[in-house]
Amino acid sequence: MKYYSTNKLVNCVDLENAVVKGLAEDKGLFMPDKIKVLPASFYQNIDKMSFQDIAYNVADAFFGEDVDAESLKKIVYDTLNFDVPLVKVEDSIYSLELFHGPTLAFKDVGARFMSRLLGYFIQKEGENKKVNVLVATSGDTGSAVANGFLGVKGIHVYVLYPKGKVSKIQESQFTTLGQNITALEIDGTFDDCQSLVKSAFMDADLNAKMKLTSANSINVARFLPQAFYYFYAYAQLKKLGKADNMVVCVPSGNFGNITAGLFAKRMGLPIKRFIAANNRNDIFLQYLLTGIYTPRPSIATIANAMDVGDPSNFARVLDLYEHSHESICNDISGVSYNDTQIAYTMRNCYAVNKYILDPHGACGYEALKDMQKPDETGVFLETAHPAKFKDTVENILGTQIQIPAKLQEFMKGTKQSIDLSKDFEDFKSFLLKR
Ligand SMILES: *Cc1c(COP(=O)(O)O)cnc(C)c1O
């Protein structure tokens with residue numbers, strides 16, 4: 001399969017190059033040049049298939065031309081060794097719990113898949129030069145990427161995070177791992193971490209001496225596998241006899257997750273429509289209302305993984321719909337909530353349904369409550385376990401929540417990190433000495 005850039009200023013590349021480069025040279029995002037519609041027989045039998053088998057069929061449509069069947073099956077099965085249950089919250093509203101993976105967030109799926117696909121290409125090429133993955137994080141991405149790539153041969157991961165600005169739980173998820181994961185505690189902000197990574201990719205000297213790549217959410221190998229769980233949500237609803245008029249609501253930040261759902265719809269998955277739920281960072285909602293896209297600096301909210309002022313995957317949404325505002329509005333509607341509304345929703349849902357939402361899932365749940373039509377069955381993606389935002393959730397609900405065993409394990413580990421300044425020369429000389 002060929003991958004083109006959304007900016008269309010450079011030639012297509014193959015899958016391996018799209019994965020290793022991450023971003024196209026014209027700064028566009030890679031898109032597969034075909035989206036295959038899956039056969040009717042697949043949809044007829046989907047409710048009798050396992051999550052892994054469903055995902056393999058989807059993966060084959062995207063990656064089957066570039067990865068042999070046996071290896072691809074192994075990558076998919078190895079990635080999805082946890083369940084993604086659909087839980088009924090109330091009549092016609094279901095939560096797709098994406099938080100049962102190693103770091104309790106949906107980013108686990110993409111990060112694990114990408115690590116294994118990259119590992120496959122490294123092995124196939126038989127290269128002896130190590131690939132170095134650089135990732136800047138404000139918390140969630142670093143933990144998913146570090147755990148996804150842990151122990152993968154031929155790859156070393158450097159996680160850059162701002163000193164004192166990441167919660168203890170999150171920090172423990174990427175500083176206690178050891179092996180091929182190195183945590184770098186930067187004396188600066190998240191933006192400083194991100195600019196160090198960007199400078200490293202642009203530094204000719206560094207790139208001549210070592211192989212560098214990124215694992216951020218624009219990478220096709222992180223982004224496309226997110227389509228898997230939309231199919232599985234449909235399969236679970238079909239089993240319940242409720243799959244007609246399925247509406248999916250996605251708490252959105254960089255819009256990678258929802259865009260993967262739009263791809264699933266293009267592959268024939270009968271999702272009637274999507275709702276993009278935002279916090280106060282409502283750039284996409286404003287686009288839907290006005291047809292004009294105006295990025296803004298992000299505002300801090302309690303659903304902080306959605307604090308994005310210029311969603312990177314917007315370019316993919318535009319490309320998918322050939323820049324037609326009307327077609328986009330036909331498939332997606334938007335809504336946004338401020339922190340007070342998010343907290344109210346969390347309290348209300350807990351009181352009425354005894355279901356604990358995290359602040360991100362709360363936006364999704366509330367958007368369904370507000371926008372669902374009587375004949376529709378709604379599914380919202382619960383993107384993180386509430387314990388990942390323990391203090392916020394406990395303050396709002398006024399009750400203690402349990403930390404799952406998986407998270408407790410991380411917190412028992414010993415922190416190993418290396419202090420660095422925000423000066424690029426320090427970072428560069430550190431990397432060159434490795
Ligand atoms: C990353 C993240 C999101 C936003 O997902 P996008 O793909 O960036 O839209 C929502 N919720 C949580 C918990 C996240 O970590």
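Which of the 15 residues around the ligand come nearest?

Tutor: This is a predicted model, where local features need pLDDT of at least 70 and side-chain atom pairs count only at pLDDT 80 or more, while totals for chains, interfaces and linings use all residues. Residues are numbered from 1 along each chain as its sequence is written, and side-chain values use heavy atoms, with hydrogens and water left out.

Lys107, Gly253, Asn254, Phe255 and Thr383 come nearest among the 15 residues around the ligand; a residue is counted there if one of its heavy atoms lies within 4 Å of the ligand. By class, this shell holds six nonpolar, seven polar and two charged residues. Here Ala, Val, Leu, Ile, Met, Phe, Trp, Tyr, Cys and Pro count as nonpolar, Asp, Glu, Lys and Arg as charged, and the others, Gly among them, as polar.

At Gly253, a backbone N or O atom lies 2.8 Å from an oxygen atom of the ligand. A polar backbone atom of Asn254 is 2.7 Å from a ligand oxygen atom. Thr383 uses its side chain: a polar atom there lies 2.8 Å from a nitrogen atom of the ligand. Taken alone, the ligand exposes 380 Å², and the protein buries 96% of that; the areas come from the Shrake-Rupley method with a 1.4 Å probe.

How values were computed. A polar contact is a pair of N or O atoms within 3.5 Å; within protein, one must be able to donate a hydrogen and the other to accept it, and residues adjacent in sequence count only if both atoms are side-chain atoms.
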